[in-house]
There are 2 protein chains.
Amino acid sequence: MFFNDFIALSPRYRAALINSVGGYKSLCLVGTTNGEDTPLYNLTVFNSIFHLGASPPLIGMVVRPDNGDAERHTLWNIQKTGVYTLNHVMTGFHTQAHQTSAKYGAEVSEFEACGFTSTFKVGFSAPFVGESRIQMGMQLREIMPVALNGTNIIIGEMVSLSVPNDALDTDGFVDLAKAGSVASIGLDGYAKGRLLSREGYAKVPVPVEE
Amino acid sequence: MFFNDFIALSPRYRAALINSVGGYKSLCLVGTTNGEDTPLYNLTVFNSIFHLGASPPLIGMVVRPDNGDAERHTLWNIQKTGVYTLNHVMTGFHTQAHQTSAKYGAEVSEFEACGFTSTFKVGFSAPFVGESRIQMGMQLREIMPVALNGTNIIIGEMVSLSVPNDALDTDGFVDLAKAGSVASIGLDGYAKGRLLSREGYAKVPVPVEE
C-alpha cells in the first residue's frame, strides 16, 4: 500500500500507522517520585526512548503534550526531582506494563495499581522496578522542547546500570534477546526478539592486486 | 552486574554496553543524493531513528559528530537537498546493510558498493532501496544540535510511505515481524522479532460495587 496524503487518514488510523512504521522501539517503564516527605511513586511505560551517546551515557525520551495524565505526571516528577529510572519491560509482564498507560490519578501509584515492586538504590530517590532485569538510574540533563509538534525530549545521563550476567558478553554487548527484553511496535504491539548475528566492524574492501 | 562508574570502563566496552542497554532500536538505511547534475547516491545504515509524532508524521534521527564519513555524507546531503529516504532493513540483507557503515569515500555510492538497487518516486530526488519492504520519503524539517555531546537530531516529516499489504492490519497497525523488519541491538547486533500481543487501550479499572 502506498500513502502520500496522511491528513486524509482518520486520526486513529494515522496514529496506528505512523507509530508502527518507524520500526521496532525501545520499551521501558519509567519510575519517578513526587519528592514529597511521604513520597508517591509513579510508573509509566514509554516506547520513545533512544540512545543519544555513550560518552557521557545519554538517553533521550519523547514526552507527548497530549497523552493525558500518565506521561505528564512523569514529566512533572522529573522536572521537580531531577532523577528517574528506566526499567526494561521483559517477556512475562508486558501486559502489566501496558496497563501503566491508563489514566490513573496523580494520587495513585502505578506500582501498586499494576502490581510492580518498587526497589531502591542507596543515594537515589527514584524507584526501580524490581521485576525488571535491566535497570538504569538516570539524572536529568536537559529538556528540549520540539516546536514542530509540542513534544519535549527529555535527555538524561545514566548514573547506574544493572544488567543480568547471563546476557552480558565479555566485550560489553548486552544480548537483549537473552535478557528477555521486549520491543514495542506501534502504540499497542509487543514483540520479543531473536538475535540473528553480530557483525564485525565494517571496512571498505581492499581491491585485490592483479 | 552493577555499573556506576562509566568513565572507568574502556571506551570500546562502554560504547558496546551503553549502546545495547537502551533497548531494541529501529534500523533503517538512509538514502540521499548529493543533488549534482550527475547525482551520486549515498546510503548509510542508522540505528538511531525514533518516532516523534503522528500528526504531522515526524521522525527523528541522531547523527554523531565523530562517526567518520558515512553519517557525515548523509548529513551534508540532507542539508543540501532537504530530502532523504528511510528504508527498513529486512531479514536477508542485514549483513549487507551493516556494510554501508564502512568508510567509503564521498565519491562512492554505497548502493553499488554494497549491492542495493536505487529506485525513485515521481517528484522526489532522494533514492529508495528497492529491496526494502517499508520505504519512507522524508522532508527535512529541523536540525536540533545537542550541546551535551555534539550530536545533531535531524527531524523529518514523512511525505510518502510504502508498506506491504500482508503486514498492514485494517486499523493501520503494521506488523513489523510479519513484514520481516530487523531491529538493532547495540552497535553491531541484529535481531528479528516475533509479535507477542497487541493490547487494548488501557483503562483504569472501575471498582466493583458492593
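Reader: How much area do chain A and chain B bury between them, and how much of it is on carbon and sulfur atoms?

Author: The size of an interface is often given as the accessible area lost when the parts come together. In this predicted model, chain A and chain B bury about 8,000 Å² between them, 64% of it on carbon and sulfur atoms; buried area is the accessible area (1.4 Å probe) that two parts lose on being put together, summed over both. Y24(A), L148(A) and E199(A) supply 10% of the area that chain A buries against chain B, more than any other three residues. As to conventions, residues are numbered from 1 along each chain as its sequence is written, chains are lettered from A and ligands numbered from 1 in the order in which they are written, and side-chain values use heavy atoms, with hydrogens and water left out. Local features need pLDDT of at least 70 and side-chain atom pairs count only at pLDDT 80 or more, whereas totals for chains, interfaces and linings use all residues.

Reader: How many residues does the contact take from each chain?

Author: The contact (heavy atoms within 4.5 Å) takes 92 residues from chain A and 92 residues from chain B.

Reader: Which salt bridges join the two chains?

Author: Side chains of opposite charge can pair when their charged atoms come close. Here the count between chain A and chain B is two salt bridges, each a side-chain nitrogen of Lys or Arg within 4 Å of a carboxyl oxygen of Asp or Glu. D188(A) pairs with R198(B), the closest N and O atoms being 3.0 Å apart. D188(B) pairs with R198(A), with the closest N and O atoms 2.9 Å apart. D188(B) lies in the loop between strand 10 (182-185) and strand 11 (189-198) of chain B and R198(A) in strand 11 (residues 189-198) of chain A, so this pair joins two chains. Strands here are DSSP runs (E, at least two residues), numbered from the N terminus.

Reader: Where do strands of the two chains pair?

Author: Two strands pair if DSSP finds at least two bridges between them. Strand 9 (residues 151-162) of chain A and strand 1 (residues 2-3) of chain B pair in the antiparallel sense over two bridges. Within this pairing, S162(A) stands opposite F2(B).

Reader: What rotation and shift superpose chain A on chain B?

Author: Two copies of a chain are related by a rotation about an axis and a shift along it. A rotation of 180° with 0.0 Å of shift along its axis superposes chain A on chain B (RMSD 0.0 Å), by least squares on the C-alpha atoms of residues with pLDDT of at least 70 in both. That is the relation of a two-fold axis. Of the residues of chain A, G193(A) comes closest to the rotation axis, at 2.2 Å (C-alpha).

How values were computed: Helix = DSSP H or I, 4+ residues; strand = E, 2+ residues; numbered from the N terminus.
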